Every structure is written in C-alpha cells, then in structure tokens.
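Q: Could you walk me through the pockets and the ligand site of this one? I'd like to go through the model piece by piece.

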Amino acid sequence: MSNSGDSITIERKHSHVEICLHGDVAFSGKTTGLEQFEFEHNALPEVSFSDIDLSTTFLGKNIGAPLMISSMTGGYSEAAMLNQHLAETAEHFNIPLGVGSMRQTLENSSHRESFAVTRKCAPTIQIFANIGAPEVAQGLSESDIRMMLDLLEADGLIVHLNAAQELFQPEGNTDFRRVLDQLAKLTNTITMPIIIKEVGCGISATVARQLLEAGVSVIDVAGAGGISWQKVEEIRYTRQFGTENRFSPQALDTLLNWGIPTAQCLLDIKQLKDEHPEFRDAEIISSGGIQSGIDIAVSLALGAQLAASARSMLKALHEGTLEHTITTWLNDLKAVMFLCGATTIEELRNKRLLLKH
Ligand SMILES: Cc1cc2nc3c(=O)[nH]c(=O)nc-3n(C[C@H](O)[C@H](O)[C@H](O)COP(=O)(O)O)c2cc1C
C-alpha cells in the first residue's frame, strides 16, 4: 500500500488516542445498563475477606483477575510507550491484553516494534493480535496472519466489527460484505482462538449465534454506554471537512448514540447459551463502559467470563494512575464478593442479581 495510506493510518491511530483522552465522546442518553442491577446482600457471608481469591481462567489459562485491557493502539512511534506501560501493568496483575489494530503492520514494517514491545514487557500473560472486519472481508493471507501473530507471540487473534465507526470515519471502509464467510475461513486457517469484538455498539444474540456457528471461540460484546466511536470519528470528520452535516440533524443524535447497551448484550447472549448447549463453552467478555469492580461483578453474574476496559485504562495511564485504578477496581470486586458470600470468582458467578427499582 502507498505511503499516503500509511500516513493516514498513523494519523488516525494518533488522533484516536488524543480524542478519546480529551473529547466529548461518551454516549448521551444511553448507559451500559449494568447499573440497573445489584447483588442480593448476604447477611451471613461465612467468608474471610483475606481468603477472597480473584483468580479465574480465560481460554484455559489461569489469570490473576477477571479483567482484560482492551485493544487500543500501536503502529506509530508514541504508541510504543503506551503499549509498553499497558503490557507492564497487565503482566503485573497477570491479566490479558489486546493490542490495537495491526492494519499498519500489513502496510509496511516501519512501526512493528510498537506492537512487539508488549511481549518483551509481558512474557507470561495472554496477548492478542487485532485486525478489523474490513481487512478480514478483503481476505487476509496466511502469511499476513502469521506475521501479526508472530510479532506478539500471540495467544490468539481479535477481529473487531466496527460498522458504525467506519460509517462515520472520514476515510472509512463501508464494504462489510463477506465478513462472515471470511471469518469462517479464518477459523479454519488458524488453530489459535479467534475473539470477535465490537467497539461500542454491542453484539446481539443473533449475530453471536452466527459468529459461534462460524467457529469463533470468544465474543467480546463491547456494548453501548461507554465511548461512542461514531462521536470520535465525527470529531475527526469535522476537523477535516468543517461542520456541514452529512446526516439530518434529527437523525444525527440517534446515529451518534447507536448501539445495544452492554448489559442487554450479555442478557441476550446468556439466554442464547442457556437454550443452546452446543454454545456452552463459548466465552463471553463484557466490555463497553466498564467503570468499576462493581461493573465487573455484575458482568460475571450476567454470564461474562471476564470484563474488559479500554478508555478508562487509557485515561488512568495518561494520569499516571493505571496501577492504582486497577487495584481499586479489584478491591471493589472483593468487596462485592465479601458481601455476597463468595470466596472465588466461580462462586460469584452464581450469586443472585436483583433489578434495582
Ligand atoms: C484509544 C482507543 C483506541 C482503540 N483502538 C481499537 C483498535 O485498534 N481495535 C479494536 O478492536 N478496538 C479498539 N478500541 C476499542 C476498545 O477496544 C473498546 O472495544 C471500546 O473502546 C469500548 O470499551 P471502553 O468503553 O472500555 O472504552 C480502541 C479504544 C480506544 C479508547
């Protein structure tokens, strides 16, 4: 691909971080829905707080807590520093890490180190490569896939579905034909797990079923209620082309806040799994607007194997409080477990959730 294509990719990744840190990109009038639930209090927990154990498993491997740092960045020089810090922190807590889209590494080899640094800083955790649905739809060669996986000594590949983001992106690729077919081929090509995620609009039970039937191992719902990628791209569009609307003012608000709330995705996919034993082993990640250990706990009781976070992690990293933020989230989680009478994460998964009135 041309150098100008490469510079657009680099500009895009750079401005995404800047806009996510400083822009007004939260959903308006829509929340994750996780806040609607609370655990039934256990007045007789029969648990010692000091015995509470946050470890669990993900894709058959033990991890320190049911939390993952979601895919964010890579592919330009400053990204190496961000990825280094994210990887060191993930290693410290023994939690999985996704890197940002590796599209740039397919265009040329100039910034591959910004991805490879993660494995150097985090030799033992699960690290996942990342690529977008449009690239998958165009058909990735086996050597492309091998290059991305080898660069990270990856534990699997994440593919992100981001139709709404591409729709708003000034240079977006809106040809989403053949994604499912190509995904099914991909699951036959690589023996490693494939994780499919959205980026903030959520995955419905219908789509989850199509993905699981295509051989996908893990679904990360990345639902609505956190960051709106339509808003991120609308800011980039306005910077380039001014404020002339592409959509009618009446429709714009609906489109900018489009998506299925995170809790709704979890509820619907849980029902799908309950009704279809063939999908029982599929692991679900709760993400999209995770803000605390309480959100993590509710996610687990709604059927998620773990929760994942991007923007809150980026903001904490920027403020120099990443380790502290994760520590407080894990303390929140322990507090909930204590008050429900759960010593292990597996016990917490079965605790009763109530709908708040
Ligand atoms: C700065 C930034 C860059 C991101 N880049 C990617 C990416 O390259 N690939 C991807 O799959 N998701 C990407 N995401 C989306 C996140 O992985 C996540 O799905 C989404 O932001 C919702 O989670 P959150 O509400 O915790 O931020 C990015 C998120 C942020 C904040």
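Q: Which residues lie nearest the centre of the largest pocket, and how many line it?
A: The lining has 42 residues, and those nearest the centre of the largest pocket are Ser71, Met72, Val199, Trp229 and Ala310. A pocket here is an open set of points on a 1 Å grid over the protein atoms alone, where a 1.4 Å probe fits and protein lies on both sides within 12 Å along at least five of seven lines, and lining residues have an atom within 4 Å of a point. This is a predicted model, in which local features need pLDDT of at least 70 and side-chain atom pairs count only at pLDDT 80 or more, while totals for chains, interfaces and linings use all residues. Residues are numbered from 1 along each chain as its sequence is written, and side-chain values use heavy atoms, with hydrogens and water left out.

Q: Which element gives the largest share of that lining?
A: That is α1, which supplies six residues to the lining of the largest pocket, and α7 (163–168), β11 (306–309) and α14 each supply at least two. Helices (H or I, at least four residues) and strands (E, at least two) are DSSP runs, numbered from the N terminus.

Q: Where does the ligand sit?
A: The ligand sits in the largest pocket, in the sense that more than half of its atoms lie within 2 Å of the pocket's grid points.

Q: Switching topic, how much space lies in the second largest pocket?
A: About 370 Å³ lies in the second largest pocket, where a volume is the space filled by probe spheres set on the grid points, joined across faces, edges and corners. Of its 16 lining residues, Lys270, Lys273, Asp274, Arg280 and Gly303 are the closest to its centre.
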